[in-house]
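Here is a short report for a first look at this structure. Keep the sequence and the 3D view open while reading.

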Amino acid sequence: MSDGLYTQLLDLACGAFLLAAVIVLWRRELAAIVRVFALQGLALAAIAVLLGAYEERWDLIAVGIGIGLLRAGVLPYLIRRALATITADRAHREEVRETQPLVNVAASLLTAALLTLLAYAVARPLTELNPTPATRALPVGLAVVLIGFFVLVTRRRALAQVVGFLLLDNGITATAFLATSGVPLIVELGVSFDVLLAVLVLQILTTRVREAFGTTDIDDLRELHD
């Protein structure tokens, strides 16, 4: 693979990766958010595969394929199952939308832009230290980390917060790939299984909370506690 083609494809994958995180802030329907998260998983897998193809590392290509299967297939499927459980009950149809986030859409998009600028400012010393195509894309991973954390703390539906947690993890994984040109296979497998276990636990807890209290809105649950 030529350097020019590699740089263009990597920039395209990183752009799609960051755009998916911004779209999560824009959309309110949880089903649409899950679809966007799946597309981001594909973009993350593409980043890993491109790094592996350019450096001729088959282990990194295998990691990228595994990431694609897990983060674009298995994890979205588990979240869709939780959504299906909610929509099956007509009394909880309103929970498939994030109707009242703590920060409105316009302010969320503005915050995403500011967080992206912050990520580029923070990562600038690293990109100047080793100006390769991968390190120049490093701010994208940091921006997704910040956006994922923002989603996690501003959404009120439990499933939307799960997606925020997964965005945060995707950003950390992308940062690790871009900063170190990949991580060992055993490390990525361990992290991926931890994330899968966390999502399974969160799915079970979300279902149990809805069955017990009739809602997964964080504010409503806080009022029950009070």
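## The aromatic pair

One aromatic pair is counted in this predicted model. The rule covers rings of Phe, Tyr and Trp (its six-membered ring) with centres within 6.5 Å; planes under 30 degrees apart are stacked, over 60 edge-to-face, and the rest tilted. The rings belong to Y6 and Y54; their centres are 3.9 Å apart and their planes lie at 10°, so the pair is stacked. Y6 sits in helix α1 and Y54 in helix α2, so the pair links distant parts of the chain, 48 residues apart. Helices here are DSSP runs of H or I with at least four residues, strands are runs of E with at least two, and both are numbered from the N terminus.

Y54 counts as partly exposed at 33%. The terms have cut-offs: buried is under 20% relative accessible area, exposed is over 50%, and partly exposed is in between (1.4 Å probe, protein chains only).

## How the model is read

Residues are numbered from 1 along each chain as its sequence is written. The model is predicted, so local features need pLDDT of at least 70 and side-chain atom pairs count only at pLDDT 80 or more, while totals for chains, interfaces and linings use all residues; side-chain values use heavy atoms, leaving out hydrogens and water.

## The chain as a whole

The chain has nine helices and zero strands. Along the sequence the pattern reads α-α-α-α-α-α-α-α-α. Of its 226 residues, 46% are buried.

Contact means heavy atoms within 4.5 Å. Take the contacts with a separation of 6 or more: 78% of them join residues 24 or more positions apart. The accessible surface comes to about 11,100 Å², and carbon and sulfur atoms hold 67% of that surface. These areas come from the Shrake-Rupley method with a 1.4 Å probe; for residues, only the protein chains shown count as cover.

## The nonpolar core

The largest nonpolar core holds 51 residues. Those with the most contacts inside this core are F17, I47, I147, F177 and L178. The elements giving two or more residues to this core are α1 (3–26), α2 (30–55), α3 (58–87), α4, α6 (138–154) and α7 (158–180). The largest share comes from α2, with twelve residues. Such a core is a set of buried Ala, Val, Leu, Ile, Met, Phe, Trp, Tyr and Cys residues joined through side-chain atoms within 4.5 Å.

What does F17 touch, not counting residues up to four places away in sequence? The list is Q40, A43, L44, I47, V140, V144, N170, G171 and A174.

## Two buried polar residues

Q40 is in helix α2. This residue counts as buried, at 0% relative accessibility. The side chain of Q40 makes a polar contact with the side chain of N170, at 3.0 Å. A polar contact is a pair of N or O atoms within 3.5 Å; within protein, one must be able to donate a hydrogen and the other to accept it, and residues adjacent in sequence count only if both atoms are side-chain atoms. Leaving aside neighbours within four places in sequence, Q40 is in contact with F17, A20, A21, V144, L167 and N170.

T116 lies in helix α4 (residues 105–129). At 15% relative accessibility, T116 is buried too. A polar atom of its side chain lies 2.8 Å from the backbone oxygen of A112. Beyond four places in sequence, T116 is in contact with L18, A143 and I147.

F150 lies in helix α6. With a relative accessible area of 13%, F150 is buried. Neighbours within four places aside, F150 is in contact with L25, V103, S108, T111 and L115.

L126 is in helix α4. At 48% relative accessibility, L126 counts as partly exposed. L126 and L138 are twelve residues apart in sequence, and their C-alpha atoms are 8.5 Å apart.

## A loop residue with positive phi

E56 lies in the loop between α2 and α3. Its phi is near 55°, a positive value in a residue other than glycine. Most residues other than glycine have a negative phi. E56 counts as exposed, at 68% relative accessibility.
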